[in-house]
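Subject: Structure handover

Hello,

Below is the structure I said I would pass on. My notes on what was found in it come after.

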Amino acid sequence: MEEIRNILEESLHIDFIQAIISNPKKRGGIMKIKVRPVIVKGELLFQCEMFENNQAFHKNYKREEAIFYLTEKIEEFKQMQLETKQKQYTVLVSKKGKVTIKQKKQSGCVKQVDLSHNRSKQYILKEGKRVPFLCDLGVMTQEGKVVKTRFDKFRQINRFLEFVEDILPQLDKEREITILDFGCGKSYLTFAMYYYLHELKQYDVRIIGLDLKKEVIQHCNELSEKYGYNKLKFLEGNIADYTGVNEVDMVVTLHACDTATDYALAKAVGWNAKVILSVPCCQHEANSQIKNEMLEPILKYGLIKERISALVTDALRAEYLEKEGYEAQILEFIDMEHTPKNILIRAIKTGKKGENSKKIADCEEQLNLSLTLKRLLDNKGEV
């Protein structure tokens, strides 16, 4: 890891902005590390924020300690994004330890760094900075203040953008990126994604939102035209029948009900999508099938059966995606107190297909399950 140590040696100084280490090689343990500079009693330190088991832990390191710690920890992860006031780095680490480094000079206005030790939560979309689509969607006032009753939505949008931020190394900035958003609804997150990628990160991005509600689609297209978002379009249609593209870079499906999620995931695989972000909803299919004699004392309680069915469905969806050459993770979207639908499946295309077919089949047999996504993938899109 000498190359990475050299980057840290060069970057950890007063002009350092931030680093994000993400995409762990193994499940469990620390999922992500964020690093920022802080001034404590006049001394420049580097605060590492470690995310593990839905909790965040902080520790401040002196420069040499931070270099040693981060050089060691990067071996457990697949990517690091690092910024100073002079340069931006993207570091990718393969499973075999091969390091690929991309760097470029900073251009345009460089962000200001808050060096205070204790600071309020830093959102990607800032409180107090007016964002036009958030105003029109009722999340912000015209002065940029977050509406109190809509703060949960503001947090949700920012949490989603953190997931998008993590997968940026998978998106080619040198060409147009195509993203499909199935079941976009009122499109809070669709607009946020376009704003973040196009306005803040300067990606050439084309996003297509798809939903069945005609009046919602019309309203979203009016807003898109109002903001001059020429490559953000909304269409009325069904996930299962959509054939408007042959290949995409990313597929997003948020709260698509029951098997609509499965059709979206199967479409994503068929289009060879590099990234899939899915927040499933209403897993009725497994709930109507699941049966196991040993678990009968548990499954007789309707609420418990419903929740077990949902968890099993999403776990199997992740396994099916791994069989198709993706690395899948199941992550917490937002806190349980705000919504019970808080699981996000993130899948990154690796091309390496999983080898757990027999174990998956045994699990399905034990639970009496035959799920739509498996049939779609096995039959190349046909149920």
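Some ground rules. This is a predicted model, in which local features need pLDDT of at least 70 and side-chain atom pairs count only at pLDDT 80 or more, while totals for chains, interfaces and linings use all residues. Residues are numbered from 1 along each chain as its sequence is written, and side-chain values use heavy atoms, with hydrogens and water left out.

Confidence: pLDDT is the predictor's confidence in each residue, from 0 to 100. The chain has a mean pLDDT of 87, and 92% of its residues reach 70 or more. Helices (H or I, at least four residues) and strands (E, at least two) are DSSP runs, numbered from the N terminus. Over residues 335-339 pLDDT stays under 50, and the model has 5 contacts beyond four places in sequence for them; a contact means heavy atoms within 4.5 Å.

Glutamine 202 is not a glycine, yet has a positive phi of about 60°; its place is the loop between helix 5 (188-200) and strand 9 (205-211). Lysine 41, also not a glycine, has a positive phi near 50°. Lysine 41 lies in the loop between strand 2 (30-40) and strand 3 (43-52) and is exposed, with a relative accessible area of 86%.

Lysine 78 sits in strand 5 (residues 77-84). With 11% relative accessibility, lysine 78 counts as buried. Leaving out residues up to four places away in sequence, lysine 78 touches Ser22, Asn23, Lys25, Val91, Leu92, Val93, Lys95 and Glu327.

Cavities: on a 1 Å grid over the protein atoms alone, a cavity is a set of points where a 1.4 Å probe fits but cannot get out, and lining residues have an atom within 4 Å of a point. Grid points are joined across faces, edges and corners, and a volume is the space filled by probe spheres set on the points. There are 2 cavities of 30 Å³ or more.

The largest cavity holds about 60 Å³ of space. Helix 8 (284-289), helix 10 (302-323) and helix 12 (372-378) each give two or more residues to its lining, and helix 10 gives the most, with 3 residues. The lining divides into 4 nonpolar, 4 polar and 4 charged residues. Here Ala, Val, Leu, Ile, Met, Phe, Trp, Tyr, Cys and Pro count as nonpolar, Asp, Glu, Lys and Arg as charged, and the others, Gly among them, as polar.

The second largest cavity holds about 40 Å³. Its lining residues include Ser22, Asn23 and Gln79, and strand 1 (16-24) and strand 14 (343-349) each supply at least two residues.

Helix 10: the buried residues of helix 10 include Thr313, Arg317 and Tyr320, and these three are among the residues that line the largest cavity. Helix 10 is followed by glycine 325, whose phi is positive, near 100°.

Regards

Methods: 1 Å grid on protein atoms, 1.4 Å probe; cavity = no way out; pocket = protein on both sides within 12 Å on 5 of 7 lines; lining within 4 Å. Buried < 20%, exposed > 50% of the residue type's maximum accessible area, 1.4 Å probe, protein only.
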